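Here is a short report on a two-chain model. Please keep the sequence and the 3D view at hand while reading.

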Amino acid sequence: MSSFNIVKLENQQCNINISDRLDKSAIKFIYGQIKKIKNTKFSLVKIDCSELKTLDYAGALLLADLSASFCENGASIVVAGLNSDFQSLMFFARKNLRQKSRIKYIKENFFISIMIKAGKQTLDSLESFAFFLSFLGETLLQFFRVLARPWKFRYKATAVHIEKSGAQALPIVALTSFLVGLVVAYQGAEQLAKFGANIFIVDMVSISMFRELAPLIAAIVIAGRSASSYTAEIGTMKITEEIDAMRSMGFEPIVFLVLPRIFALVIAMPLIVFFADIIGVFGGMIVAKSSLGISYTEFILRARDVVAMKHILIGLFKAPFFAMLIATIGCFRGFQVTGSTESIGRYTTISVVNAIFWVIACNALISVVLTDIGI
Amino acid sequence: MSRVIISVKDVVTRFGKKVVHDKVSIDIKEGEIYGILGGSGSGKTTLLREIIMLQKFKSGSISVLGKKIEKISYKDAVELKKNWSVLFQFGALFSSLNVLENVSIPLIEYTDMPKDFIDEVALSKLKMSGLKKEATYLFPSELSGGMKKRAALARALVMDPKILFLDEPTSGLDPVGAENFDRLIKELATLLKLTVVIVTHDLHTIEHVLDRFCIIFDKKILFEGDLQEAKNFKHYAIKEFLKLER
């Protein structure tokens, strides 16, 4: 262990004796000792280091800092007994002394900082909205450009994205919609059995699945899967300057990255929803058979009679809108990524939350409008 | 002569079927500035990563400070790692922390020094590595490439390591910045008595900083020695590499 002695002499003199070690392991102790005398007025301070065996950079810095602060208080300092290695280390530390108090770091008062944060966030969301409008405008512009020159459209990329965000999502969409169909049928079965209206399970499961549930579930699963991957993909490309590279070569990132993703999802989404329809109703059929004793043929015949085509069409009609929302939000948030890898994570989160919210909001809007006009 | 601090013996590295190193052996002595040179894709960074235990090798042996790293226990490995620090090619600063926090985090984790003093040590290392004080509270995403390297150097130096590993320290810096960085490394190595291992292909670094170096060529060590010996070594690859005939 290190030892550290302070001997206060008369007429404002002080002897400090440091022996053995002055390194990172000893500093906690010594620093506490020094704090006690740091602001005392001395005219002469002698620091004796002749018995010091270990000195590392942190220790040397402590010595340098100590002499500097005594000097500021008007004392003369003598550091004695350092061997030449330690001496050069201490000179080096003194040269590199940088006091924290000299560096500007403005720390606001709590309330002001809250105000500043609120203001900043407001401005940020306004800015983000403006950026969204310009992104949407640019996407539309490029869309019309491509419409006029269809050979410029990236068919291959679109096909790839149909596979990645459509076909590969089928298993998870199947599982979720099957489970939801199952649950809805179970809940309904119990209530309907009370009235002896068993056969109405068919109407309930089919209509709710076709019209509302299947499109919504599919859209939420796709939002979680694809909005996040679009944001992360494009965000990474932005950080690695791939997007700048494209622009510098005259390739339009919107045409290369955004349009294929939007088109892929718009094409794939109705198909996914139709698939979810079938699987969801199938889940209902299983429950209808097992707990209400309605056979599959009975179920299907009843469904043919009571479920109007419009319910299926409405569900399929919503799909492209959801697809557009998800793809646009995913791509847009990706383009907002700047600077660090951390911001990829942040915007990916934002993009998924946004996409799911807007899907639900859009679904509500369509429902209200359709009910209003009586479909 | 000073003792050998890192010794690489007959190391073979393979990625799948691709052989990167075929029985590579080098010795690095205490207190020297040693360079690992080679064309791009020759496996210099791979060799560095093997020495610092970030990557496994197929066969052979590497010992650092007398410990064989291929069969080291977890506890010994943690202790051994405290003896060195690494400056990665792009700094690898933690993006969620500002510069001062980045530099002080090893001290916070490994020592019991008071926070005020930790800050002081960190600031001093930042000054040592030549980062302007205006950058103290900036985040890595707000720094230029050169500033990132300097902040990362400060972080690498903060625990007073015995060995400092530098992966292409001057890449991405402008010539003046690169020369300053070279000078800084040389100066720090002398003052802090460091052993420095540099992966580089910067000619200025090779000429002015390195004491000794090896050249990896065609999966093997083609040459090991100092610049004078390299100039006398007759092999087209070395001539080409050091551009001795202009």
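This is a predicted model: local features need pLDDT of at least 70, side-chain atom pairs count only at pLDDT 80 or more; totals for chains, interfaces and linings use all residues.

Residues are numbered from 1 along each chain as its sequence is written, while chains are lettered from A and ligands numbered from 1 in the order in which they are written.

**Chain B overall**

Chain B has 9 helices and 10 strands. These are DSSP runs numbered from the N terminus (helices H or I, at least four residues; strands E, at least two). The radius of gyration of chain B is 18 Å, close to the 18 Å from the globule rule for 246 residues, so chain B is as compact as a globular protein of that length. The radius is taken over C-alpha atoms, and the rule is 2.2 Å times the number of residues to the power 0.38. The C-alpha trace of chain B spans about 55 × 45 × 40 Å along its principal axes.

Of the 246 residues in chain B, 41% are buried. A residue is buried if 20 or more other C-beta atoms, placed from the backbone, lie within 10 Å of its own. Among contacts in chain B between residues at least 6 apart in sequence, 65% join residues at least 24 apart. Contact means C-beta atoms, placed from the backbone, within 7 Å.

**Two sheets**

Strands of a sheet pair through backbone hydrogen bonds, either parallel or antiparallel. Here, two strands pair if DSSP finds at least two bridges between them. Both sheets below are open, with mixed pairing.

| Chain | Strand order | Edge strands |
|---|---|---|
| B | β6-β7-β8-β3-β9-β10 | β6 (84–87) and β10 (220–225) |
| A | β1-β2-β3-β4 | β1 (3–8) and β4 (76–80) |

In the chain B sheet, β9 (residues 212–217) runs antiparallel to β10(B), and 5 bridges join them. B:Ile216 stands opposite B:Ile221 in β10(B). Helix α5 (residues 145–157) of chain B lies across β6 and β7 (163–167), at about 175 degrees to β6(B). Axes are lines fitted to C-alpha atoms, for helices over the stretch in contact; angles run from 0 to 180 degrees between N-to-C directions.

In the chain A sheet, β1(A) and β2 (residues 13–22) pair in the antiparallel sense over 6 bridges. A:Val7 has A:Asn15 in β2(A) as its bridge partner. Helix α2(A) packs on this sheet, touching β2, β3 (44–55) and β4 of chain A. Its direction makes about 155 degrees with that of β4(A).

**Cores and chain contact**

A nonpolar core is a set of buried Ala, Val, Leu, Ile, Met, Phe, Trp, Tyr and Cys residues joined through C-beta atoms within 7 Å. The largest has 89 residues; among those with the most contacts inside it are A:Ala60, B:Ala122 and B:Phe165. Helix α2 (residues 57–72) of chain A gives the largest share of this core, 9 residues. Apart from this core lies another, of 61 residues, including A:Phe263 and A:Met285.

Which residues does B:Ala122 contact, leaving aside neighbours within four places in sequence? They are B:Leu100, B:Val103, B:Ser104, B:Leu107 and B:Val158.

The contact between the chains takes 21 residues from chain A and 21 residues from chain B. On the chain A side, α1 (27–37), α2 and α3 (84–95) each supply at least two residues. The largest share of that side, 4 residues, comes from α2(A).

Notes:
A residue is buried if 20 or more other C-beta atoms lie within 10 Å of its own, exposed if 12 or fewer, and partly exposed in between; C-beta atoms are placed from the backbone. Two residues are in contact if their C-beta atoms, placed from the backbone, lie within 7 Å.
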